[in-house]
Amino acid sequence: MRWKEYEQQLETRVVDLHRRIHRGAYRAQPSRRVYIPKPDGRLRPLGIAALEDKIVQQAVVVVLEQIYEEDFLGFSYGFRPGRGPHAALDALNVAIERMPVKWVLDADIRGFFDHVDHEWMLKFVQHRVADRRILRLIQKWLRAGVSENGQWSETKVGTPQGAMISPLLANIYLHYVFDLWVHAWRRKVARGVVIAVRYADDLVVGFQHRQDAEGFQKEFQERLAKFGLELNADKTRLIEFGRKAERDRKQRGEGKPETLDYLGFTHYCGKHREGYFALWRKTTRKRVVAKLERLKQQLRMRRHEPIAIVGEWLQRVVTGFYNYHGVPVNLDSLELFRQRLRRLWRHALQRRGNQRMSWARFMRVCDRYFPQPRTLHPYPYQRFDVTHPRWEPYARNAPVRICAGGGQ
């Protein structure tokens, strides 16, 4: 059923849905399995929930968010009210620039959403929520199964990506599996500074000492195994990274530190104009390539549409790309994206038949629809210091421990 059809008798349908929930007659429908391409060429499975399931899930999310926002720790940024990927990026940048971080663990949990253990998930929710009706609803959604090509299949583990409830359930699961554990590990086990930033299942942990980093990675693998998860060995890296890493590697004659990819940006060590250490960012190459490949296919299908229609669509695409990637010192990446997209459009127009457009005219069209690259985000420390006020005028490191590695 689609929204338009459901809307025709909206009040009656919602009242009936409400009654079915309260008397226990509500039944969750299987999620429809669809696949979307990933940057590495693989397919990511999504589960599209039925319309009424979306309505009920959103209502439950609104209630549970009020409970768990009091519990979630400061370094958790994904899918939370008032937070977003740029807040996580700011916290990571400020933590590495201001704290004595030398080693960084870029951890990737293999197929997290597909391997969430249902029993542990219900135990975690039950630890904070006593209402059995909420627990039964979550249990129904977890065990509703998926429908693919008309065939139903049971889901014994995992929570479908694409469901309204899945991001919150992921945060609850990792709150107990990772957040609380790493917070305690840092206070009780670590010998030096430890910082952490987590955006859903994308997490980065920084260490002052290599011994802490290696010990943490080993214990983290054991911790995940207890809850049915594992690290992706091909994507998990422990690298020497940060202000002290750059200095020490230079003294050893080993060149610059490796780069760190996180939330669509490649982080690399650099210098401010004044000569002190800075953590710079540029759009990851694989994200640009994947985005352009999708646009190439769409332009091929739309090449016979009027230029004005396609131009307005591309204007929205470019603006959206700038809105996310328009961070300081990243104008070269924005300009490169703009130039390559311009070539793709030119190529699509040339294949329209006998219609030809001179280069000069085409450039005027591009200037009309493609905005010039510009920086749309402040420097991370500027926004971080505003959103996380210091306790004292000179307490420079206090907010880093709170929002990039500690509790609230």
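**Notebook: helix pairs and a pocket**

Helices here are DSSP runs of H or I with at least four residues, numbered from the N terminus.

A note on what I am looking at: this is a predicted model, where local features need pLDDT of at least 70, side-chain atom pairs count only at pLDDT 80 or more, and totals for chains, interfaces and linings use all residues. Residues are numbered from 1 along each chain as its sequence is written, and side-chain values use heavy atoms, without hydrogens and water.

**H2 and H3**

I looked up the axes of H2 (residues 10–23) and H3: they come within 12 Å and cross at roughly 70°. Axes are lines fitted to C-alpha atoms, for helices over the stretch in contact, and angles run from 0 to 180 degrees between N-to-C directions. H2 is therefore roughly perpendicular to H3 (65 to 115 degrees; under 35 is roughly parallel, over 145 roughly antiparallel, the rest oblique). Leu17, Arg20 and Ile21 of H2 touch Glu52, Ile55 and Val56 of H3, with contact meaning heavy atoms within 4.5 Å. I sorted these residues into four nonpolar, no polar and two charged. Ala, Val, Leu, Ile, Met, Phe, Trp, Tyr, Cys and Pro count as nonpolar, Asp, Glu, Lys and Arg as charged, and the others, Gly among them, as polar.

**The second largest pocket**

H3 turned up again here, giving the most to the lining of the second largest pocket, with four residues. A pocket is an open set of points on a 1 Å grid over the protein atoms alone, where a 1.4 Å probe fits, with protein on both sides within 12 Å along at least five of seven lines; lining residues have an atom within 4 Å of a point. I found 17 lining residues, with Met1, Ala49, Ala50, Leu51 and Lys54 nearest the centre. The lining divides into nine nonpolar, one polar and seven charged residues.

**H10 and H11**

Next I checked H10 (residues 285–302) and H11 (residues 307–325), which pack at about 170° with axes 12 Å apart. That makes H10 roughly antiparallel to H11. Their contact holds 10 nonpolar, two polar and three charged residues.

**H4 and H14**

Last, I saw the axes of H4 (residues 85–98) and H14 (residues 380–387) come within 9 Å and cross at roughly 105°. These two are therefore roughly perpendicular to each other.
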